[in-house]
Amino acid sequence: MAAQATFKSIKAVIPLLDRVLVQRFKPETKTASGIFLPSSSTSSPLPEATVIAVGPGAPNKDGNVVPTQVKAGDRVLLPGWGGNSIKVGDEEYQLFKDSEILAKIHE
């Protein structure tokens, strides 16, 4: 369940440490030929997302800050579980640790 935010814009959220703020892609509700898909086939979120914002990184054992592996604008592959949901208006976002993101997508 997503926590309803009290701020007006997602730009007000700045992730801390190695956290990454993402927005999942929404599944298509209509095919290219115009056929509407049933809600049961579009209810589960897609594993792809766009990175909205990233934290500065987390300190390692020596105290040096290790930067995150992704940057704002990257397309990433997410696990089917995890993350903390944040809802701003009608839009839903998730916060993941950098280490939970499975891969960057380059096209």
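Reply: Happy to; I'll begin with the ground rules and the fold, then go through the pairs, and end with the nonpolar residues around them.

This is a predicted model, where local features need pLDDT of at least 70, side-chain atom pairs count only at pLDDT 80 or more, and totals for chains, interfaces and linings use all residues. Numbering runs from 1 along each chain as its sequence is written, and side-chain values use heavy atoms, with hydrogens and water left out.

The protein has 1 helix and 9 strands; these are DSSP runs numbered from the N terminus, with helices being H or I of at least four residues and strands E of at least two. In sequence order, the elements read β-β-α-β-β-β-β-β-β-β. Of its 107 residues, 28% count as buried, where buried means under 20% relative accessible area, exposed over 50%, and partly exposed in between (1.4 Å probe, protein chains only).

Now to the charges. Side chains of opposite charge can pair when their charged atoms come close. The structure holds 4 salt bridges, each defined as a side-chain nitrogen of Lys or Arg within 4 Å of a carboxyl oxygen of Asp or Glu.

Let's start with aspartate 18 and arginine 19, whose side chains meet at 3.2 Å, N to O. Aspartate 18 is buried, at 15% relative accessible area, while arginine 19 is partly exposed at 32%.

Next come glutamate 48 and arginine 75, with their closest N and O atoms 2.3 Å apart. Because glutamate 48 sits in strand E3 and arginine 75 in strand E6 (residues 75-77), this pair ties together parts that are 27 residues apart in sequence. Both partners are partly exposed: glutamate 48 has 27% relative accessibility and arginine 75 has 26%.

Aspartate 74 forms a salt bridge with lysine 104, and here the closest N and O atoms are 4.0 Å apart. Aspartate 74 belongs to the loop between strand E5 (65-66) and E6, and lysine 104 to strand E9 (residues 103-105), so the pair ties together parts 30 residues apart in sequence. Aspartate 74 counts as buried at 10% relative accessibility, whereas lysine 104 is partly exposed at 39%. Lys71 joins in too: Lys71, Asp74 and Lys104 are linked in a network of salt bridges.

What about the nonpolar side of the picture? The largest nonpolar core is made up of 9 residues, Val20, Val22, Ala49, Val51, Val70, Val76, Leu78, Phe96 and Ile101. Strands E2 (19-24) and E3 (48-54) each supply at least two residues of this core. A nonpolar core, by the criterion used here, is a set of buried Ala, Val, Leu, Ile, Met, Phe, Trp, Tyr and Cys residues joined through side-chain atoms within 4.5 Å.
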